[in-house]
Amino acid sequence: MSVDQANVRRIARLARIAVRDEELPHLAQELNAMLAFVEELNAVDLGNAEPMTSVLPMQMKMRQDVVGDHAGPEIVTGNAPISEDHFFLVPKVIE
Amino acid sequence: MTTQTKSSEANKPSKLIKGATGDWEIVVGMEIHAQVSSQSKLFSAASTEFGGAPNAHVSLVDAAMPGMLPVINAECVAQAIRTGLGLKAKINNRSVFDRKNYFYPDLPQGYQISQFKHPIVGEGEVVVDVTPTEQIIVGIERLHLEQDAGKSLHDQSPTDSFVDLNRSGVALMEIVSKPDIRSAEEARAYVTKLRTILRYLGTCDGNMEQGSLRADVNVSVRRPGGPLGTRCEIKNVNSIRFIGQAVDVEARRQIGILEDGGKIDQETRLFDPAKGETRSMRSKEEAHDYRYFPDPDLLPLEFDQAYVDQLASHLPELPDDKRSRFMRDYGLTGYDAGVLVMERASADYYEAVAKGRDAKLAANWVINELFGRLNKEGLDIETSPVSAQQLGAIIDLISDGTISGKIAKDLFEIVWSEGGDPLALVEARGMKQVTDTGAIEAAVEAIIAANPDKVAQAQAKPTMLGWFVGQVMKQTGGKANPQAVNDLLKAKLGI
Amino acid sequence: MTQPVDLTLAQARDALHAGKISAVELTKAHLAAMEKASALNCYVATTPDQALAMAQRSDARFASKDAGPLEGIPLGIKDLYATKGVHTQACSHILDGFKPDYESTVTSHLWRDGAIMLGKLNMDEFAMGSSNETSYYGPVVSPWLPNGWTQDQARKALSGDKKGLLVPGGSSGGSAAAVAARLCLGATATDTGGSIRQPAAFTGTVGIKPTYGRCSRWGIVAFASSLDQAGPIARTVQDCAIMLRSMAGHDPRDATSFDAPVPDYEKSVGASIRGKKIGIPREYRIEGMPAEIDRLWNQGIDWLRAAGAEIVDISLPHTRTALPAYYIVAPAEASSNLARYDGVRYGLRVPGKDITDMYEQTRAKGFGKEVRRRIMIGTYVLSAGYYDAYYVRAQKIRTLIKRDFELAYANGVDAILTPATPSAAFGIGEKGSADPVEMYLNDVFTVTVNMAGLPGLAVPAGLSSGGLPLSLQLIGRPFDEETLFSIAEVIERSAGQIQLPKPWWE
Ligand SMILES: [Mg+2]
Ligand SMILES: [Zn+2]
C-alpha cells in the first residue's frame, strides 16, 4: 500500500493539519517510507492471536457515583485563548 | 382482543401509503440517546445537573485538559445493565470502550468515548402499544454507553459560537432499534413505550424538553415487500409529536423524489417543526471517517453474571407485566390497564386507590375524573392536588351509600380545589345522601299532590317516572338515595 | 571537598539527615549550576523561588524531625508532567503559555515525600523523538564531549551552531543531560518506546521504565496511552530505586494504574543475585551491530555469571516486529490523544476564516514536523479501509511479542539482559533528517519492553571506543522491578562508577 498526494491531503484534512501544496510530495514520500518500514509485518504469521486490549491482565476499577470535582468556570476557561463570560469562543459554526 | 405482530420482512406490510404510482411502505429505525440518571458524569465526577452557569459543571477531565484520564462511573454501568434487562436484551459481560474521532468545538477531547464493536447490551425487544388494541414488537439491535458532547450557542454573536461544556461527558445510552417500525404512529408509540420503560427502571428521566431523550430517526421507503430503500437520518428530534411529523414529511419527500424518477441520497437531515419539513445538514455533509479504536486509557468493561443477576433481582415490575397483572387481578380491560401503567406513578396511585375497594370503580375514577382533570390543568400525577388516599375516601363514601355518584363529583371538585378530608367535608357541608325514607316520602307525596296531570301521564307511560325522580332530587338537593326515590315513587304511583 | 551537586541522591539524603548540609544550601548549589549550564538547554523553565521556598520548608521539617523519604532533594521535572501554576507544555508550541491548575500524581508524590522542584526539563516535543531535537525549545546538548574534542572547541560550538556536539538521546533528553551534568540529583522522565532508557544510556546515567501501571499517568501529557510510563533517571541504581518508590503507587484517577503496595526498592539494591536465571535473547544480536556493543553485552554476561547468576539462551522470536508494530500503535494512539490541541481551550490559537481553518492553521503551526508526521501516519493507519491491515494487525503482533516474554518467564527466567542501544550518542543534526526511520532505529532494543508492558532498566556498563557511555538493558517480569535493581547494581559495581564529564560548559 502506498499513499499519493490526494491521500495525504485527505489524511491531513482528517487530522485537521493545514498542508500547502508544495509540501505534498515530500509528505507523501515520508509516509511511504514509514509504510515501507512497517511492510514486513505483513509476513508475520498471526496464528490465533487476539489484538491486545490491555497490556497487563487487570480488571477495570470503577468509581462510585459521587459528585466531586468541579474545576470551576474560572479554571476551566482560565487558559483559553479567547473566552467570554466563561464560555469558550470559536469562529462561528454553521449547522 | 389484542393482536401482536412483528413488523419484519417476513410479515406482510401493514401500513401502506398511496403514491401516484402505487403503494409505498415506510421503514423506520431509531437511535435513541437517553441520558443515564446518575449524579456524576460517565468518566468524571462533575455533576450532571441540568442547567447551571456556563462551564460550571465541568471537571478537568470534561475539559480535556492535558494529562487527564477517564474513570468509569459504576452507577452508569449498572443503569445500562438495568435498561438492557428491561429491554429483555442480552447483557454482554465484557464490552469495550472505543474512541470515535472527530473535530467539533463542543467535543473537547477530539473524540467521543463510545462503544462500537462490543456494546454492553446486545439484542432485545420492546412490545409497543400502537393503539389500545394493537401491539407490535420492535427489535432492539444494541444499547451502548457513550459520552454526551457540550453545547455550542450560535446566536450570541455574529462572528463567534459560544461553547459550554456542562453537558460534556454526561452518560448517554444509545439505544438502536431494528428497522421494524412501519408508520409515524408506530414511531411515536415506540418512543412512548421506550420512555415508559426507562422511567419505570429509573434509568433515564425521559425529559425530552431538557434533552434527556433525543431521537435520530432513520427513514426510508420501499415498494411493499421490496428491498430496503436508501435511508436518511433525521438528527436529534426532541419531541414525540415531532418524531411522527418528521417520519411523515420525510417519507413523503422521498416518495416524491422516487416517483419523479430521482434517487435518494443517504444523508443527515434536520427536522424543522416550524416549516414542517426536513432539510439537509450542511455541517454533516463532509464524509466522516471516525477512526474508531479501543480507548487505551480504559480497560475492557467486565463484570460477572452474579452482578447482573443481583441487578435483575432488584428490577421493578415493568409496564407489560403490570398491565397483565392489572387485567388479571383487578379485572380491568386491556385499555384501562394500559392507560394506568403508562407511568409508574399513575399505576402506583391506582393501586393505592384500588386496594381493598371496587377495583373497576377505582379505575373509572382514576382514569376519567382524575386523569381528565390533571390533563385539563396540565398537571401530572406527582403534582395531583387529590391524593390517592383522598380519592380512596371519596370512593368509600360512594360504596357505603353515604353519597351518590353525582355528589361524589362535587366532592371531588371541593377536594381538588380546597383539599381536606372527604368524610369531614361531607359532614360539614351536609352532603350526605338522604336515606331516611320519611323525608323522601314527604317529598314524593308533595310532588305527586302538586302535579296530578303528570301523575296521570306517568301511569299511562311509565317512562315519565324519570321526571318525578328529577323533581324529588331537586327538592332534596340531590342528596336523596336514588334507589329509595325510585322505589317510593313506583309504589305511590302504582306503576 | 565534593561539591554538593556531585553528591548522589542517596549521599545527599544522608548528608541532609546528618545535618551536614541544609536543603537550602543544596538547592542553591543546584540553582547556581543550572544558571551556569543554561547553554546546554536542559531546562525550559526554572522555578528558583518555588525551589527555595520548598527547601526552607524541608529544612523546617528536618528541624522538627518530620522529614519525608525525599526531603530536601532537588529534582528536575520533565515538561510532560503537569505542575501546578508552572510551565507545562510538552515542549510544544501548541501548548504555548499553558500553566495547569493541577499537579500530576507522580510529582505530587514527590512533593509529598519532601522533594524540591528546580524547574521543567527539555524534551522532544510530546515525547516524540530519540535525540531531543524535536523540542520547540531547541535541542539539548549532552554534557559529554565528542570524541577528540577539546573543552574550548566544545564551548565555541555551544555558543555557536552546536554542530558536532552530542545529543543526549530522547525523548527525556533534558532529564538525562541534567542528571549527567549535575543540574539536579534526579529527574522524572517518561518512556513510551525507550525515552527513559535510551537517553540514560547516551548520558551514562541510570533510568528505569517501570511496569506499565506502576506509576500513575494522571497529569502526564499523553503520547501513546497504552505504552506511556513514568520513571526516574538518576546517577546510580540506588538513586533510581529511591525515586521510584516515591513516584509509584496506585491512583484511582488512572484506570490502568496497578493496585498493589509499592516495595521499598532500595532494599533490593545490593541484594545477591546468586541463582537468578538471566535470559540472553538471541534475536537481539542484530545484523550490523557494532562489535563494541557485542563486547559490552558479553562483558555483562560474564559479570552476572561471576555474581552467581545462571545464564540461559532464550528466544524472543517476535523481537524484529516490535519496532514496526510500535510505529503503528504509538502514532495511532497519539493521533487521537493529540486531537485535543485544537486552539479552543488552551495553548496556541491561529485565527482562521472558519472553525476548520482555525483548527488546521493552529495545528499546522503548533505542532512540529515530527509530531505532524506521526499524527498523519496514526490517522492513516486508523482510517477506513486500513484499520484492520495496520492497527489490528499491530495489536495482534503485540500479543505475540508479549507471549514470547511470558514463555521465557514461564521457563524460569528472572530477567533478560540486552544492550540498551545499538550505538553510543551521535551528533546533533546527524541523524534522521533524510529518513525518519533512521532515527527510529535507536529504539530497536527498548521498544519491545513497552509493547509488552514490562519493566526495563538501562545501566551504564562501559565506554565506547570514542569514550562515550554505553549501557546494558535489563528486562524484568511484570511488577518485579526489585530484581532489576539487584541485577543492575551488580553491573554498576562491576563496571565501576562511571566518571561523568567535568563541567566544561561553565
Ligand atoms: Mg447515532
Ligand atoms: Zn450516539
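This is a predicted model: local features need pLDDT of at least 70, side-chain atom pairs count only at pLDDT 80 or more; totals for chains, interfaces and linings use all residues.
How much space lies in the largest cavity?

1. Largest cavity. The volume of the largest cavity is about 160 Å³. Its lining comprises 18 residues, and those closest to the centre are Thr53(A), Ser54(A), Val55(A), Pro296(B) and Ser226(C). The greatest contribution to this lining comes from helix α13 (residues 388-410) of chain C, which supplies 3 residues.

2. Rolling a probe the size of a water molecule over the atoms shows where empty space is left. Over the whole structure, the search returns 9 cavities of 30 Å³ or more. The second largest cavity holds about 130 Å³. Among its 17 lining residues, Gly67(B), Arg217(C), Ile220(C), Val221(C) and Ala222(C) lie nearest the centre. The lining of the second largest cavity is made up of 8 nonpolar, 5 polar and 4 charged residues.

3. Zinc site. Three residues of chain B coordinate the zinc ion (ligand 2): His33(B) through NE2, and Glu146(B) and Glu174(B) each through OE, at 1.9 to 2.1 Å. Along the sequence, the spacing of these donor residues is H-x112-E-x27-E. The zinc ion (ligand 2) lies 4.2 Å from the magnesium ion (ligand 1).

4. Distant parts of the chain are linked by Glu146(B), in strand β8 (residues 134-147) of chain B, and Glu174(B), in strand β11 (residues 171-177) of chain B, which are 28 residues apart.

5. Burial of strand β9 in chain C. Strand β9 (residues 415-419) of chain C is mostly covered, with 5 of its 5 residues buried. In a regular strand the side chains alternate between the two faces of the sheet. In β9(C), Ala415(C), Leu417(C) and Pro419(C) point one way, whereas Ile416(C) and Thr418(C) point the other way. The residues of both sets are buried.

6. Strand neighbours of β9(C). Which strands pair with β9(C), and in what sense? Strand β7 (residues 277-281) of chain C pairs with β9(C) in the parallel sense, over 2 bridges. Here Gly279(C) stands opposite Ile416(C). Strand β11 (residues 469-476) of chain C runs antiparallel to β9(C), and 5 bridges join the two. Within this pairing, Leu417(C) has Leu474(C) in β11(C) as its bridge partner.

7. Chain A. What pattern does chain A follow along the sequence? Chain A contains 3 helices and 2 strands, arranged as α-α-α-β-β. The radius of gyration of chain A is 22 Å, whereas a compact globule of 95 residues would have a value near 12 Å. Taken along the principal axes, the C-alpha atoms of chain A fill a box of roughly 55 × 45 × 25 Å. Of the 95 residues in chain A, 47% are buried.

Notes:
Residues are numbered from 1 along each chain as its sequence is written. Chains are lettered from A and ligands numbered from 1 in the order in which they are written. Side-chain values use heavy atoms; hydrogens and water are left out. Donors are N, O and S atoms within 2.8 Å of the metal (3.2 Å for Na, K and Ca); water is not among the atoms, so sites may look incomplete. Helices (H or I, at least four residues) and strands (E, at least two) are DSSP runs, numbered from the N terminus. On a 1 Å grid over the protein atoms alone, a cavity is a set of points where a 1.4 Å probe fits but cannot get out, and a pocket is an open set with protein on both sides within 12 Å along at least five of seven lines; lining residues have an atom within 4 Å of a point. Grid points are joined across faces, edges and corners, and a volume is the space filled by probe spheres set on the points. Ala, Val, Leu, Ile, Met, Phe, Trp, Tyr, Cys and Pro count as nonpolar, Asp, Glu, Lys and Arg as charged, and the others, Gly among them, as polar. Buried means under 20% relative accessible area, exposed over 50%, partly exposed in between (1.4 Å probe, protein chains only). Two strands pair if DSSP finds at least two bridges between them. The radius of gyration is taken over C-alpha atoms; the globule rule is 2.2 Å times the number of residues to the power 0.38.
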